[in-house]
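Student: I have a structure open and would like to work through it. Can we go point by point?

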Amino acid sequence: MIRFILLIVITLIGSGSWIQPAVFHDEPAIATAVVDPFITAQTIAMRPDYVTDLTYQDWDRYTIQIQLDPAALQLSGNLTVRLTNRTTVDFDTIWFHLYPNHPDFGGRLDVTSARIDDIPVPSRTLHNDTLIGLQTPHPIAPGQSTTVTMTFTARTPRNASRKSFGAYNLEAGVWSIASFYPMLARYIEGIGWDTRPIVSRGDFTVSAIALYDVTVEAPVDWQLVTSGSQLEQHILADGRQRVRFVSGPQREFYLAALQGLVATSADVDGTRVISYVQANDPDAGTRSLAIATTALRIFNQRFGAYPYAEFEIIQAALTQFYGMEYPGVVLIEQRLYQRNDHLLETTIAHEIGHQWWYGLVGNDAQGEAWLDEGLASYSQILYYEMTDNLTQAQAELDAFRAAYRRLRERGGDAPLATPPSELGNGRYVPVVYAKGALFFHALRQQIGEAAFNDFLQGYVTAARYREIAGPDLLRAAEEACACTLDAMFHNWVITAEPVTIP
């Protein structure tokens with residue numbers, strides 16, 4: 001995410017190292033005599049050569065049915081989550097985030113009923129209703145699966161991007177309804193459920209990979225845009241549509257409804273890329289699509305393949321920040337499309353970089369935001385290098401240097417591992433984005449070009465679909481260079497020792 005006025009976010013406790021070896025997508029799936037309809041439906045969301053990624057593990061599964069009422073700015077629906085206890089302790093409470101209840105969203109999300117294994121259960125909320133805990137009717141033992149069902153309603157504000165989170169808002173023809181459903185909290189082994197309060201700095205959502213099957217009813221004159229791909233559509237007799245979407249393995253499910261925007265599209269390496277822009281500037285659609293397709297193609301080469309069948313970019317009224325990433329969808333502030341500079345291109349490249357750093361490789365954005373934001377910021381430099389615009393690549397690097405230098409001059413430096421909640425007084429951006437990007441530039445200089453390329457590819461391969469922490473990144477870098485990087489990691493990440501700005 002790229003911010004410039006208000007930085008809004010939640011983060012999670014560090015996840016520690018990944019628990020088991022990665023399973024590579026080209027390994028044959030274990031044969032089974034049972035056809036799983038849920039998995040079969042998901043295949044449309046994946047590039048054909050990555051369909052076997054659906055069998056990585058038995059991920060939690062969301063099935064959601066909702067009805068949209070744009071006139072009332074409301075939605076209602078029901079949710080079923082089949083989840084498995086992958087920890088070593090019994091579950092007696094299952095926690096879900098209710099993100100729209102945070103004041104920055106300016107809206108509301110209410111759970112109206114809850115059942116576990118078809119038994120009504122009591123609930124309690126924390127932190128001004130931003131978390132809801134459901135008491136299990138019986139302990140959920142390690143390895144055991146259970147099914148949670150809830151009904152819920154939600155509402156969003158209108159034309160509120162100047163005072164609240166623009167990704168949960170109806171404005172400029174975009175009804176963006178991010179995080180509209182109760183979202184399962186992560187359980188951190190040895191720590192417990194992530195029940196921290198949401199802080200207004202950085203990105204709100206931290207969640208684990210799951211599979212989504214979502215059916216949306218809405219007026220037929222609204223264009224629905226979501227994570228994943230459309231599986232089927234039915235036009236109903238009352239002037240409404242019923243559309244079913246599936247996600248593939250994703251960290252959350254994003255939903256928007258558009259009116260008056262026009263779409264252009266292209267294919268990149270088996271992925272359909274769609275750009276939605278306001279109708280009064282069709283050239284903006286062509287420009288943004290060209291940037292997005294170039295960035296996706298370049299990052300496929302540099303980081304490893306984007307495995308999904310679809311990617312969408314929406315011109316939206318965000319106002320307080322430049323861009324926001326979601327699985328398979330990014331939002332870009334509408335005013336950037338009229339600027340005659342590189343800011344639109346830089347923002348799109350940054351947010352597409354997040355499809356790897358946050359999307360494929362997950363991390364705790366509240367505890368270690370530098371892991372995704374620092375690498376997405378450095379991806380801006382890699383993008384310009386690979387498009388042979390070395391002047392702009394140098395300008396991006398110089399901007400990060402200047403921001404970090406100013407931070408140090410006023411005594412505001414901090415370890416990269418500092419949680420965003422502790423980075424007040426204008427320190428969040430220069431630490432997480434600028435110092436984070438400079439760390440990766442310093443790493444590249446220390447281990448060399450070949451090892452740095454091996455690091456990027458190996459990091460994605462080993463950590464794909466997982467949640468990692470700083471030590472995991474260190475391990476991936478050391479494996480790539482066959483060297484020890486403890487001192488560098490200590491000086492940049494663990495402490496605020498004076499470092500040479502690369």
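Predicted model: local features only at pLDDT ≥ 70, side-chain atom pairs only at ≥ 80, totals over all residues.

Student: Is Asp 372 buried or exposed?

Tutor: Buried means under 20% relative accessible area. Asp 372 has a relative accessible area of 2%. That value falls under the cut-off, so Asp 372 is buried.

Student: Which residues does Asp 372 touch, not counting those up to four places away in sequence?

Tutor: Contact means heavy atoms within 4.5 Å. With residues up to four places away in sequence left out, Asp 372 touches Asp 203, His 354, Trp 357, Tyr 358, Asn 363 and Ala 365.

Student: What separates the C-alpha atoms of Asp 372 and Gly 362?

Tutor: Along the chain, Asp 372 and Gly 362 are 10 residues apart.

Student: Now helix α5. What span does α5 reach from its first C-alpha to its last?

Tutor: Helix α5 covers residues 390-409, which is 20 residues. At 1.5 Å a residue, 28 Å is expected. The model comes close to that, at 28 Å.

Student: Which helices do the buried residues of α5 pack against?

Tutor: Among the buried residues of α5 are Gln 392, Ala 393, Glu 396 and Leu 397. Phe 400, Arg 401, Ala 403, Tyr 404 and Leu 407 are buried in α5 too. The buried residues of α5 pack against α3 (343-353), α4 (370-386) and α6 (428-447).

Student: Take α5 and α6. Are they parallel, antiparallel, perpendicular or oblique to each other?

Tutor: Two packed helices are described by the angle between their axes and the distance between the axes. For α5 and α6 the angle is about 120 degrees, and the axes lie 9 Å apart. Roughly perpendicular ends at 115 degrees and roughly antiparallel begins over 145. The pair α5 and α6 is therefore oblique.

Student: Which residues of α6 does α5 meet, and is the crossing left-handed or right-handed?

Tutor: From α5 come Leu 397, Phe 400, Arg 401, Ala 403, Tyr 404 and Leu 407. In α6 they meet Pro 430, Val 431, Tyr 433, Ala 434, Lys 435, Ala 437, Leu 438 and His 441. As for the crossing of α5 past α6, it is left-handed.

Student: And α7 with α8: at what angle do their axes cross?

Tutor: Helix α7 spans residues 449-463, and helix α8 spans residues 470-481. Ala 451, Asp 454, Phe 455 and Tyr 459 in α7 meet Leu 473, Ala 476, Ala 477, Ala 480 and Cys 481 in α8. The crossing of α7 past α8 is right-handed. Their axes come within 8 Å and cross at roughly 135 degrees.

Student: How many bridges join β3 and β9?

Tutor: Strands of a sheet pair through backbone hydrogen bonds, either parallel or antiparallel. β3 and β9 pair in the antiparallel sense. Asn 78 stands opposite Thr 151 in β9. The bridges between β3 and β9 number 11.

Student: Which residues form the covered face of β9?

Tutor: Strand β9 covers residues 145-155. Its uncovered face has Ser 145, Thr 147, Thr 149, Thr 151, Thr 153 and Arg 155. The covered face has Thr 146, Val 148, Met 150, Phe 152 and Ala 154.

Student: Last, Ser 179 in its loop. What is its phi?

Tutor: Ser 179 sits in the loop between β11 (174-177) and β12 (183-184). Ser 179 is buried, at 2% relative accessible area. Its phi is positive in a residue other than glycine, near 55 degrees.

Methods. Residues numbered from 1 in each chain as written. Heavy atoms only, no water. Helix = DSSP H or I, 4+ residues; strand = E, 2+ residues; numbered from the N terminus. Expected span 1.5 Å × (residues − 1). Buried < 20%, exposed > 50% of the residue type's maximum accessible area, 1.4 Å probe, protein only. Axes fitted to C-alpha atoms, helices over the stretch in contact; angles between N-to-C directions. Parallel < 35°, antiparallel > 145°, perpendicular 65-115°, else oblique. Left-handed = near helix turned anticlockwise from the far one by under 90°. Pairing = 2+ DSSP bridges.
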